Amino acid sequence: MHARFRATWPLLAMVTAAITSETHAAGFALVEQSASGMGTAFAGAASSAQDASTIFFNPAGMTQLEGGHYAIAAHHIAPRADFQNRGSTAMLGTPLTGPEEDGGQSAVVPNAYWVTNLSDGWKFGLGVSVPFGMSTEYSPEWIGRYHAIESNVATVNINPSLAFRASERLSLGFGLNAQYLEVTLSSAVDFGTLCTLQEMNNTLPPGTCGAAGLSPQSADGFAEITGDNWGYGWNAGLLYALSPDTRLGVAYRSSVRHDITGEADFTVPAAASFMTASGLFTDQAAQASVSLPDTYSVSAHHRVSDRLNVMADVSLTKWSRFEELRIQYPDSAQPDSVTTENWNDTWRIALGGDYRYSDTLTLRAGLAYDQGPVPDDEHRTARIPDGQRTWLALGLGYHLTPSTVVDFGYAHLFVPEQGINNTTEGTLKHTLTGSYNASVDIISLQLSGKF
């Protein structure tokens, strides 16, 4: 869902970004929160605590950082999501018309973190990140235009955090999250078929549609829904040293509920203007509620030698909270716009390692598997054509000075072909049938250091 973030606060405006259509953790969660982590496919993210980005993955990791630290990163995400038609049909049985398209868009996702000492061994950190986001965008003429044209969601998360050492082996961390979300959804409206259905149901006199020049798929209007909201949540973690060489990290990020308010803007063909007489398809208020999922992570970090470290990570995302996308129109008789999702919880498993090649250069590699939350082809939508993916990642860290590091990470995501056989809900029941062929390339760059 393609969002244009219009916050006026300078801090928020600094991290505004367009988010790509093929999101890179399960569903539309974004795991791209660190370039150093990108190099290992985010294996050991809750236990490595190698720089200030640990605020996002496990705030307890701040205790591993001596003095003050900062990290500023940007991630260029280039997806491909090509739709191939396999017999899509309109409600009255005729083929859907229009070209096949690629809904993917390249974009840059930023994040920034800052950690400082407090008294008595306590640490304070502040993170600003984009934990959820997605964007699919097609032309107004494409074959799936009645399912989706523009679909955008963007978030900005402000995450102040505290950490302290409870013992020589155990550290604890806690953070609060203030999260801004903005949504834009648009699609075409087939006024030609709507008119034909009203004639068939005897709610319009015979011949009305022909006289007005309204025939199925030849008189499209458009609906665009925009809205935003602030939601609030928390995150916590612990870091435990099993031995001088091995530590375990456990982290949790809470669900955040967003009660979105906004407006619906309708564009109606002049020939179909008589269909707005009852108040339908007129600009009006709109609202929706969505609960973004909570996540659980368990990570391990083991020092094999003075040069080699290995990491592992298992994460669970509770996408089963995402049961439907329902847009309501409280001030009119406009029926709800509903998309049933029924997503499943997902697991992410990652393995990786880093090798200190020299005093200035560290090399990284990682492999990960991400489950997709969409249960079947009937629930896969053109707005979120999500599927499972396998990560192959490489990276390096280079010390510009003893206290300043540049990190580079690259990942290619292999996405198998995903089928779609989705029917729009409501009065019009057009069916988009086909498949999506997708892949993703991600390049990350980060500057981090001590102060």
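Which residues lie nearest the centre of the largest cavity? They are Val 31, Phe 56, Arg 253, Thr 295 and Ser 297, and they belong to a lining of 33 residues. The model is predicted, so that local features need pLDDT of at least 70 and side-chain atom pairs count only at pLDDT 80 or more, while totals for chains, interfaces and linings use all residues. Residues are numbered from 1 along each chain as its sequence is written, and side-chain values use heavy atoms, with hydrogens and water left out.

**Cavities**
- Four cavities of 30 Å³ or more are found in the whole structure, a cavity being a set of points on a 1 Å grid over the protein atoms alone where a 1.4 Å probe fits but cannot get out, with lining residues having an atom within 4 Å of a point.

**Lining of the largest cavity**
- Strand E11 (295-303) is among the elements that give two or more residues, and E11 gives the most, with four residues; strands are DSSP runs (E, at least two residues), numbered from the N terminus.
- This lining divides into 19 nonpolar, 10 polar and four charged residues, where Ala, Val, Leu, Ile, Met, Phe, Trp, Tyr, Cys and Pro count as nonpolar, Asp, Glu, Lys and Arg as charged, and the others, Gly among them, as polar.

**Lining of the second largest cavity**
- Its 22 lining residues include Val 183, Ile 260, Ala 288, Leu 325 and Ile 327, which lie nearest the centre.
- Strand E10 (284-292) supplies the largest share, six residues.

Technical notes. 1 Å grid on protein atoms, 1.4 Å probe; cavity = no way out; pocket = protein on both sides within 12 Å on 5 of 7 lines; lining within 4 Å. Points joined across faces, edges and corners; volume = space filled by probe spheres on them.
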